[in-house]
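Please read this briefing alongside the model shown below.

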Amino acid sequence: MTRTRTAIVVGGGIAGPVAALALRRAGIEATVHESHATTADGIGGGLGIAPNGRAALGLVGLDRVGAPMNAIVLQNHKGRTITEIRQPMQFSWRTDLYRRLYDLAVDQGVQVHHGQELAEVRESGTGIRAVFADGTTSEEADILIGADGLRSTVRRLIDPQAPEPRYSGLLGFGARVEGAALPPTGDRMYMAFGRRAFFGYQTFEDGTGVWFANLPHPYLTWKQARQTSNEQWLGRLDEAFAQDTFPALDLLRRTPPADLITAGPMEDLPHVPHWHRGRMVLVGDSAHATTPSSGQGASLAAESAVELARALRDLPHPQAFAAYEQARRARVERVIAQAARTNSGKAAGPVGRVFRDALLPVFARLATPEKMAWQYDHRIPWDAPVAA
């Protein structure tokens, strides 16, 4: 079977550009097709980039991004520190990471097409053709990569019975605050288990700050959540943290409604049975979405994109897809499961909250750098050959 030379990447978020860049490094020409008519500048909240993610991004030419976030300080609803977990991370706004990846891909000659929603695929013995929703646009390549996120069209084409995303019971919100009026937290991100919701914040030397909140709530789609005004959501968050003594209210009340980011439901995909079929394969959230509680979403997407390109460099696509899945599945599903346990603690009731706060120091002793090395120290051996 011949070597893969061309690829269609469906999805232009984070995983898509990383996949295209990694494929180019592997000697495979890739084009990116994004359903939205415009770029995603200004869309999305903050995210953590772990050392393993930075290493994967470095393999495609992206250097350090974001601000240092080398420790997480966990607090209870009274603002008392329960424990501190030292782990080297970077905090980045999604829009900043997206723009740097987008510009890097374009600079390296990757063609990015907007307003092209995938409608169907047509496979043959020699390639695959992607047909887009306007009915007149199509492209043919050796393989097609689905980097189209949590509600992936490619995932449904691979497996019409693929599972739906699982709701964690939490809605996500966040904002950048220009006048935080709080002492800088340095390289620490504070995360507090409130009586009714979960709150995280970090403040910087220049007077700015960032915060996010996870609010227990019946399921709403992103569009449904957006039907409630930002003023109303800020009011509900104010009520949720009214009995807590950490500085949630200070940051909420300094947030202009126009600056609130409503991220919508926090969802994951604990197990996608089929990552590939024929000439199609999944990468990033389309295959292994985790909630933001993992701090690993972007990092795992970058890892998988690079690992897939590495396999395609060395093997015909059927063997490459199998080797890629074998290298990735157990790792990503372990991270997803860990994040799900974290989410259950964020939504704990009065009794569960007591047990949670009592057990968090125990968890911190287990979350030492040595114990977490499997997650943060993972590196992809790009130069090593991939065996079938």
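The points that follow are grouped by topic.

The model is a predicted one, and side-chain atom pairs count only at pLDDT 80 or more, whereas totals for linings use all residues. Within it, the structure holds 13 aromatic pairs, and a search of the whole structure finds one cavity of 30 Å³ or more.

- R331 belongs to helix α10, which covers residues 317-346, and R331 is classed as buried because its relative accessible area is 10%, which is under the 20% cut-off.
- A polar atom of the R331 side chain lies 2.8 Å from the backbone oxygen of Q375.

**Aromatic pairs and cluster**

- Among the 13 aromatic pairs of the structure, Y190 and Y201 form a stacked one, with 5.4 Å centre to centre and 20° between the planes.
- This pair links distant parts of the chain, with Y190 in strand β12 (residues 188-193) and Y201 in strand β13 (residues 198-203), eleven residues apart.
- Y201 is buried, because its relative accessible area of 7% falls under 20%.
- F193 and F198 form an edge-to-face pair, with 4.8 Å centre to centre and 70° between the planes.
- Both members of that pair count as buried, since F193 has a relative accessibility of 6% and F198 has a relative accessible area of 2%, each under the 20% cut-off.
- One aromatic cluster is formed by Y190, F199, Y201, W211, F241 and F246, and it includes the two tyrosines of the stacked pair.

**Arginines over tryptophan faces**

- R313 lies over the face of W382, where the distance from the ring centre is 5.0 Å.

**The cavity**

- The largest cavity holds about 30 Å³ of space, and its lining consists of I14, I49, G53, L57, L97, A298, S299 and A302.
- Helices α2 (51-59) and α9 (297-314) each supply at least two residues of this lining, and the largest share, three residues, comes from α9.

Terms used. Residues numbered from 1 in each chain as written. Heavy atoms only, no water. Helix = DSSP H or I, 4+ residues; strand = E, 2+ residues; numbered from the N terminus. Buried < 20%, exposed > 50% of the residue type's maximum accessible area, 1.4 Å probe, protein only. Polar contact = N/O pair within 3.5 Å; in protein donor to acceptor, adjacent residues only side chain to side chain. Phe/Tyr/Trp six-rings, centres within 6.5 Å; stacked < 30°, edge-to-face > 60°. Lys NZ or Arg CZ within 6 Å of the ring centre and 35° of its normal. 1 Å grid on protein atoms, 1.4 Å probe; cavity = no way out; pocket = protein on both sides within 12 Å on 5 of 7 lines; lining within 4 Å. Points joined across faces, edges and corners; volume = space filled by probe spheres on them.
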